[in-house]
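Here is a short briefing to read alongside the model. Take a moment with the sequence and the fold, and then we will go through them by topic.

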Amino acid sequence: MNENKMSIRRKLNDFYGRDVYTSRLIIMLLVVLISMLILKPAKFFSFINFQTMVAQFPEFGLMSLGIMLCMITGGIDLSVVGVANLVSISSGIILKALVAADGSLPWYGILVSMICGIVIGLVAGVLNGILVAKFSIPPILATLGSYELFLGIGIILTKGKAISKLPMEYSSVIAGKLFGIIPVQLIIFVIMAGIISFLLSRTTYGTRIYMLGTNMKAAEFSGLDTTGLLIKTYALSGICSALGGLVMLANYNSARADYGAVYTLQCILIVVLGGVNPNGGKGRISGVVFSILVLQMLSSGLNMFPQISNFYKSLIWGCVLLIAMTLNYFSENRNRNN
Amino acid sequence: MKMKRILAFILALSMVFVLVACGGTKETKDNTGGKTDTKNKDWEIVVVPKDATNPWFVRMETGVKEYREETGLNVYQKGPSETDATMQAQVIQDLIAAKVDAICVVPVDPPALEPVLKEAMDAGIVVIAHEGASLQNCHYDIEAFNNEQYGAFIMDNLAEAMGGEGLYTTMVGHVTNASHNEWADGGIAHQKEKYPNMKLLEEEPRVESEDNGDVAYQRAKELLKKYPDLKGIMGTSSFDAPGVARAIQELGLVGKVFTAGTGMPSANAEILKSGVVKSLTLWDPALAGKAMIALAVKVLNGEKIENGLDLGIEGYQNLKFKEGSDKVLEGQGWIVINAENVDSFGF
């Protein structure tokens, strides 16, 4: 009996120790779930609430994945929201142009606009990659600059107005539900997360960007094509943002240069909370996914309390971010001491 | 050991969360408890403003709270933390998931809310809007007044200050904001009819203040430097005229350049008393909030909504449908504030 107990404890300890960040997030997730179970069981634990939550997070979840990749290389991508809006604006314009005279959208319309959107995201990402890798501009400055550029192009394309009155077909497919149950946005997110997870854990590309993030100089001297790797990474981030933008276009059935301006900070919060080291070289996709879930549940949960005004949200998220980074410092120290 | 410390941290954090949340729930019970006589006390009606911190919507919340105390209905205000169309849509999505009975919304960007409001209506939720005359997916939209008439009213105020002559331009929160643009259009139409000596600045006939006092101030400074002949700026959002006034003051143009528009009394007492701005116009957001809820209650009760509707709220006692619309209802809720009466409003 006693031995059995001991081994369970050791197993739990082992599990916690092996991936501190993910374990901690699982604990936070449980804390949020239990709090909601006590306080708002009927409202929170309803099918429609979970369906709403999993349809809400893909737009910023996809952008977080992009930032995660860049952060693993030791960089950052602050242009994600700019790319997303630029993509949703251009795809919106393409959709409107494809509408036939009788107001219906041809069958290939959705596909064409999505592919164009993804290509635009790819180009934007490659531009970021070239700025960072070829011209050695610090990623923060390079992507902040390109964010302004993408924002500017978006404003010019729309003249500052919203692109609206899009054909409903697009919105009803992308913001729809597969078999009436699974939100399509979630499927897009899961596919992209799956691809990135595969790239990071099963391909040499993944191993190399971790090496690159751990020590840029060492990676260079050991013959890695750092320029190519960085451009690929930022391009991938651009594709993630593009998908985020396509999801936004469907969710709001309109596009505007300044939608989702608060997502940049929120995505950084998610990535750091998920245990990705801002200095590069460390981070797992599972951590980021759990961190997305925790924040989404906190955010939707808070909306269920009439008495907690949403201006506490910034305060709570700021605290969560600082606590996460402080805890990361302690766990790093423990690793070093061991 | 380290693990325990970390666990302690997380437990402490969660306790704070639980405590805050508990405090909140108790308060609701105190407010709604004891009034079991109303048959519909279980109705949950939520007002969703553009954001939670803007003084305009803080004032709206006072009205919402008053309504709750007067009727005992479970009504409350829940807005996004920042003026952002995506955040607002998410608040509404969460409310749909929470199965509230009615949503009263002041949209940031009407087109962005259409899909989510459609979802709400499909779920059987009553949707009432304010300042969103272009919305398709709502049961009714309440406007404090006829937008063109209010725009003309602002223009009268501006023209009076400008002496009925000179170059002017218009400022709106966002060029996508339906009401702001209708006021501006109404103002321009009224000017063309009544003040032939005034002229609209054709290079930039409509600028955006992004519902932000600092942006309004910057835009006004840019405009006044770029166009030295500019004599008046017609503001619409509650941030426009005060921001423009700051620019007028700073550039030493008091008495040469004028502005008029919407503004809150308490925030503008100083500029009104010092004469930088002669008069501001507004309607009371608290009453607008109450009117939205009162209309939602009527719709929930299944009452017939027709011309001449009386919501029992000042300025909303004789609502009329806007011409050619069976959704947009207009009241007579405007007021003027100037140096004399600015202190008498209490907000």
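Two residues are in contact if their C-beta atoms, placed from the backbone, lie within 7 Å. With that rule, residues 24 or more positions apart account for 78% of the contacts in chain A with a separation of 6 or more. This is a predicted model: local features need pLDDT of at least 70, side-chain atom pairs count only at pLDDT 80 or more, and totals for chains, interfaces and linings use all residues. Residues are numbered from 1 along each chain as its sequence is written, while chains are lettered from A and ligands numbered from 1 in the order in which they are written.

**Chain A overall**
- Chain A has 16 helices and two strands; helices (H or I, at least four residues) and strands (E, at least two) are DSSP runs, numbered from the N terminus.
- The C-alpha trace of chain A spans about 75 × 60 × 35 Å along its principal axes.

**Domains of chain B**
- The domain assignment, automatic or from a database, gives chain B domain 1 (38-144 + 285-331) and domain 2 (147-282).
- The centres of these two domains of chain B, taken over C-alpha atoms, are 28 Å apart.
- Across the boundary, 10 residues of domain 1 of chain B are in contact with nine residues of domain 2 of chain B.

**The sheet of chain B**
- Seven strands of chain B form an open, mixed sheet in the order β2-β1-β3-β4-β5-β13-β12, where two strands pair if DSSP finds at least two bridges between them.
- The edge strands of chain B, β2 (74-77) and β12 (320-321), each pair on one side only.
- Strands β3 (residues 102-105) and β4 (residues 126-130) of chain B run parallel and are joined by four bridges.
- Within chain B, Cys104(B) stands opposite Ile128(B) in β4(B).
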